[in-house]
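Visitor: Could you walk me through this protein model, please?
Guide: Gladly, let's look together.

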Amino acid sequence: MTHATDIDARYALAKRVAQEAARRGMGYYQQRDDLIVEHKGGHRQDVVSMADRALEDYIRAELLAAFPDDGFLGEESGSIDLDARCLWVIDPIDGTACFVNGLHNWCVSIGMLLDGVPHIGAIADPNHNELFHGVRGQGAFVNDRPLRASEATHVREGLLGVGTFYARGTEHFIPFLTRLLGEGGMFLRNGSGALMTAYVAAGRLLGYYETLLKSWDCAAGLVLVAEAGGRSNNFLRGDGLLHGNPYLVACPGVYDQVAEMIGPMLDGDQVTPLQ
Ligand code: IPD
Ligand code: CA
Ligand code: CA
């Protein structure tokens, strides 16, 4: 049985570990040019792999030392006990392409599912000194400020986050952009799905659509969006936890408008497996 105090302790742990991992990530980020020269023939991707792995090892060790019976799913190291009631779902660095190119849009994302439902979220962005965090039923915050989704009722009232993954193809992306622009909307892609999700919760973006996202990109953010009064699609349906699904989060006033632009694949079951 998971008691309320256990949730409180896990919430405090998620925030602490996310912030410390982000602080360590900043060390790699600030030295990325030196590391590129020193390691593996100067390939930029290798630096990210090293930072990714080191941060994930740190996060997994901290979480499981405190709660050894919990499950774990991380982008880099795979899973431990996916059937546990409390399952941590983490991305040590979300925004790899930004990280490696010196763009300040990357973060550490730590989510926890309770009985299969996103329950705790902590997203640490060290470049902007922002910690987005929340617990289902207890609200969501950026640092100490409560998060609230936008009150907009039409896509033309703000910006929509978007993203796609090359293996997914463009058939669900380019037509969507055409429809969005046709309605007077505008898009933004900052390179971090976790941060764009947090920005929906914060009311900075009206919504965020990605043709195929992974669970570690959004397990934390889904808690924040729900607590901020936003809506999300049935992202975890089927084998979404392990293989991802199309993804939409949005403020309540534009959710249906954007879902219609995406079409039936949003909550359909015909997701193409990644190559
Ligand atoms: C990626 C980012 C990006 C999204 C990709 C993700 P990574 O994660 O969230 O915004 O468009 O689908 O894979 O590779 O930077 O951890
Ligand atoms: Ca990611
Ligand atoms: Ca990642």
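Guide: A residue is called buried at under 20% relative accessible area, exposed at over 50%, and partly exposed in between (1.4 Å probe, protein chains only). Helices (H or I, at least four residues) and strands (E, at least two) are DSSP runs, numbered from the N terminus. This is a predicted model, where local features need pLDDT of at least 70, side-chain atom pairs count only at pLDDT 80 or more, and totals for chains, interfaces and linings use all residues. Residues are numbered from 1 along each chain as its sequence is written, chains are lettered from A and ligands numbered from 1 in the order in which they are written, and side-chain values use heavy atoms, leaving out hydrogens and water.

Visitor: How many residues of E3 are buried?
Guide: Strand E3 covers residues 86-94. This strand is mostly covered, and the count of buried residues is 9 of 9.

Visitor: What is the strand order in the open sheet?
Guide: Two strands pair if DSSP finds at least two bridges between them. The edge strands, E2 (78-80) and E8 (145-146), each pair on one side only. With mixed pairing, the 8 strands have the order E2-E1-E3-E4-E5-E6-E7-E8.

Visitor: In which sense do E3 and E4 pair, parallel or antiparallel?
Guide: E1 and E3 pair in the parallel sense over 4 bridges. On E4, leucine 113 stands opposite leucine 87. Over 7 bridges, the sense for E3 and E4 is antiparallel.

Visitor: Is leucine 181 partly exposed or buried?
Guide: Leucine 181 sits in helix H5 (residues 174-182). Its relative accessibility is 41%, so leucine 181 counts as partly exposed.

Definitions and conventions: Contact means heavy atoms within 4.5 Å. Axes are lines fitted to C-alpha atoms, for helices over the stretch in contact, and angles run from 0 to 180 degrees between N-to-C directions.
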